[in-house]
Amino acid sequence: MPVHVTRLTTATALAAAFAVPAVAAAPASAAKKTTITMSGSTSMYPLVTALTKKYSSLNSKVSFRVAQGGSDKGITDASKGRVTIGNSSRDPRSDDPKGSNFYRVAKDAVCLITNPANKLANGLTQKQVQDIFSGKIRSWSDIPGAQQTGTISLQARNEASGTLDAFENLFMGGASLSSTAARLGSNGLIQAAVKRDPAAIGFVSIEFTEGVSAASYQGVTCTTANAKSGAYKGTRSFWMVTKGAPKGETARFVNWVRTSSAARKIVVAQKAVPLK
């Protein structure tokens with residue numbers, strides 16, 4: 001009898017629906033290997049690749065192919081059966097494809113980043129973020145604590161991005177992003193652009209802050225510890241999305257990501273916040 005799984009499935013319901021045993025190494029006589037395909041969020045990519053690598057070492061019956069492309073692509077790909085799992089760094093929306101099941105796997109901090117030559121000594125308030133990214137403030141001279149004085153160079157994500165969705169919901173408070181902002185296809189591209197340009201500012205997952213300066217927001221630094229405690233307000237969820245309820249090896253994998261101590265260690269190592 002099929003099990004109905006709601007879009008926002010709880011950990012308890014998910015485990016009950018899957019009813020699968022713990023992962024164990026497969027015997028030499030195991031059946032044909034299952035390939036789980038994934039696409040979507042660039043923010044989740046480092047975490048997902050680390051999780052799939054570990055899981056493959058524990059279960060020789062499963063291999064993975066992981067692509068990026070943005071959260072919307074992952075959700076759409078999963079709904080159309082192009083991939084087994086879509087990775088999304090934005091929350092479910094009413095216009096998502098019918099039958100899409102979202103499983104929260106971790107939380108993440110979205111950091112505001114500047115070039116190391118332009119560390120913002122005073123951090124940023126929400127109003128300053130809104131004014132900068134809406135284009136109301138155009139010069140670093142108007143930001144107390146900035147080390148630059150020229151025109152602000154805005155680096156943002158494209159419309160398929162879950163990070164853009166999170167940024168608009170968490171930071172912008174209804175203000176529209178300036179049309180002058182560069183629209184880039186990944187967290188890594190924003191990170192690289194800000195590294196190159198002393199006048200640049202952008203927003204990325206906390207995993208992409210190496211080589212740039214993460215500004216404090218509302219007086220709180222962007223760290224995993226502050227995201228976990230709730231002190232840092234720029235946090236969002238990471239999701240794995242399937243078309244209907246996952247089955248077989250896919251169900252086992254998602255359940256392992258959400259419940260195992262091994263997966264939790266990887267989540268922590270990748271600067272994300274585990275579910276528990």
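Predicted model: local features only at pLDDT ≥ 70, side-chain atom pairs only at ≥ 80, totals over all residues.
The crossing of helices α2 and α9 is right-handed. Helix α2 covers residues 45–58 and helix α9 covers residues 261–269. Their axes lie 10 Å apart, at an angle of about 150°. Angles over 145 degrees count as roughly antiparallel. The angle therefore makes α2 roughly antiparallel to α9.

Which residues make the contact between α2 and α9? From α2 come L47, A50, L51 and K54. From α9 come A262, A263, I266 and V267. By class, the α2 contact with α9 holds 7 nonpolar residues and 1 charged residue, with no polar ones.

Now step back to the whole chain. The chain has 276 residues, and 50% of them count as buried. It contains 9 helices and 9 strands. Take the contacts between residues at least 6 apart in sequence: 77% of these join residues at least 24 apart.

A78 and T242 are 164 residues apart along the chain, yet their C-alpha atoms are 5.7 Å apart in space. A78 sits in helix α3, residues 71–79. Is A78 buried or exposed? Buried means under 20% relative accessible area. A78 has 2% relative accessibility, so it counts as buried. Leaving out residues up to four places away in sequence, A78 touches V83, I85, G86, V241 and K243.

Next, the strands. Strand β1 runs over residues 34–40 and is mostly covered, with 5 of its 7 residues buried. β1 pairs with strand β2, residues 62–69. The pairing is parallel and spans 6 bridges.

Helix α4 comes next, at residues 126–134. Its buried residues are Q128, V129, Q130, D131, I132 and F133. What covers them? The cover includes strands β4 (100–114), β5 (153–157) and β7 (200–205), together with helix α5 (162–172).

D131 deserves a separate look within α4. D131 has a relative accessibility of 10%, so it too counts as buried. Setting aside residues up to four places away in sequence, D131 touches K136 and I137.

The packing of α4 against α5 can be set beside the opening pair. The α4 and α5 axes are 9 Å apart, and the angle is about 130°. α4 and α5 are therefore oblique to each other. On the α4 side, the contact uses Q126, V129, Q130, F133 and S134. On the α5 side, it uses F167, L170, F171 and M172. By class, the contact of α4 with α5 has 6 nonpolar and 3 polar residues, and no charged ones.

α2 and α9 are roughly antiparallel, and their contact includes 1 charged residue. α4 and α5 are oblique, and their contact includes 3 polar residues. V129, Q130 and F133 link two parts of the account: they are buried in α4, and they meet α5.

Notes: Residues numbered from 1 in each chain as written. Heavy atoms only, no water. Axes fitted to C-alpha atoms, helices over the stretch in contact; angles between N-to-C directions. Helix = DSSP H or I, 4+ residues; strand = E, 2+ residues; numbered from the N terminus. Parallel < 35°, antiparallel > 145°, perpendicular 65-115°, else oblique. Left-handed = near helix turned anticlockwise from the far one by under 90°. Contact = heavy atoms within 4.5 Å. Nonpolar A, V, L, I, M, F, W, Y, C, P; charged D, E, K, R; others polar. Buried < 20%, exposed > 50% of the residue type's maximum accessible area, 1.4 Å probe, protein only. Pairing = 2+ DSSP bridges.
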